[in-house]
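I opened this entry to keep track of a few look-ups. Each one is written down in the order I made it.

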Amino acid sequence: MQIQFRPLIATLRRILPFSCVGVLLLAMNICASAADGVLQLKLRSRDASGVSEKTAAWNTGKTALIICDMWDDHWCKSAARRVTEMAGPLNEVVKQARARGIFIIHAPSSVTAFYKDIPQRRRAQSAPFAKTPVPLANVERWGTAWCWTDPKRENVLPIDDSDMGCSCVGEKCTIREAWTRQISTIALAPEDALTDNGQETWNLLTERGIENVILCGVHLNMCVLGRPFAIRQQVYLGKKVSLMRDMTDTMYNPERPPGVDHFTGTDLVVQHVERHWCPSFTSSDITGKPAFRFKEDKR
Ligand SMILES: [Zn+2]
């Protein structure tokens with residue numbers, strides 16, 4: 001912020017009396033520190049009595065944003081189309097979050113080998129080992145450790161994804177190995193990190209004294225909850241966790257229970273997360289712009 005103000009300040013010094021410049025500089029400094037250091041979030045959560053919203057002020061220097069499984073392709077054509085649509089707006093959110101000092105972790109599960117030897121990958125691998133307060137998930141699913149549905153905290157998910165959730169109308173997609181990397185629309189900046197590993201994520205967070213973790217990406221009913229860097233694991237580790245609820249999607253086939261349209265299915269899973277795991281907010285709290293909405297969401 002200070003750097004951007006410099007040309008303006010130089011001009012003001014030339015055209016205004018000294019005392020005016022002083023007052024202006026003071027005002028600018030106050031604005032800059034307010035904007036730089038704190039993220040104001042409207043956190044929505046639920047309990048038995050209903051939905052509630054409260055404002056939280058998160059220190060941006062103690063906050064990480066983790067992008068889950070925004071792959072370059074998907075075995076389900078509809079899922080791939082929605083990731084492509086969301087990736088551009090998400091990249092804008094990530095850019096703004098990064099500019100405000102939030103640490104960005106790219107987590108494209110099972111394809112980190114694509115990023116072998118790039119600095120963002122090495123940063124994750126070389127972060128000093130830190131012991132976790134509770135053991136990390138150690139059962140494996142889909143190429144990483146996995147935190148399964150936890151009967152102590154949650155009921156079964158409100159959507160039936162047992163068919164893996166191809167939402168295509170008519171011919172259904174065949175499951176295949178479709179992804180090779182993170183979608184290229186989401187840029188990796190020099191200061192970011194890249195990992196799909198729970199211990200590496202913990203090491204990165206510990207090294208930076210990060211207390212708050214924002215999750216976004218896909219798919220909420222599967223990886224955004226279950227991966228070893230994602231919601232369930234971060235809650236178990238004691239982080240303050242929140243879901244950026246407009247920057248996610250689910251694998252849900254509307255032909256399956258509860259028989260609602262795809263986007264209502266996603267909303268139901270968001271509500272499940274708000275009830276059992278962590279609050280949610282929209283990207284508006286970072287960008288000041290309207291929340292993202294899929295074009296196919298005609299509700
Ligand atoms: Zn499909």
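Predicted model: local features only at pLDDT ≥ 70, side-chain atom pairs only at ≥ 80, totals over all residues.

Cysteines. I looked for disulfides and found zero in the structure. C166 has a relative accessible area of 4%, so I put it down as buried, the cut-off being under 20%. C173 comes out at 16% relative accessibility, and therefore I list C173 as buried too.

Helix α3. I took residues 77-99, which make up the 23 residues of α3. From the first C-alpha to the last I get 33 Å, close to the 33 Å expected at 1.5 Å a residue. I also looked for a bend in α3. There is a kink of about 35° at A87, shortly before the proline P89. Just after α3, I recorded a positive phi of about 95° at G101.

Serine 109. Where does S109 sit relative to β4 and α4? I located S109 in the loop between β4 (103-107) and α4 (119-126). Is S109 buried or exposed? The relative accessibility of S109 is 0%, so I count S109 as buried.

I next looked at the surroundings of S109. Leaving out residues up to four places away in sequence, I find S109 touching D69, W71, T144, W179, D196, R227 and F229.

Key: Residues numbered from 1 in each chain as written. Heavy atoms only, no water. Disulfide = S-S within 2.5 Å. Buried < 20%, exposed > 50% of the residue type's maximum accessible area, 1.4 Å probe, protein only. Helix = DSSP H or I, 4+ residues; strand = E, 2+ residues; numbered from the N terminus. Expected span 1.5 Å × (residues − 1). Bend = angle between axes of the 7 residues up to and from the residue. Contact = heavy atoms within 4.5 Å.
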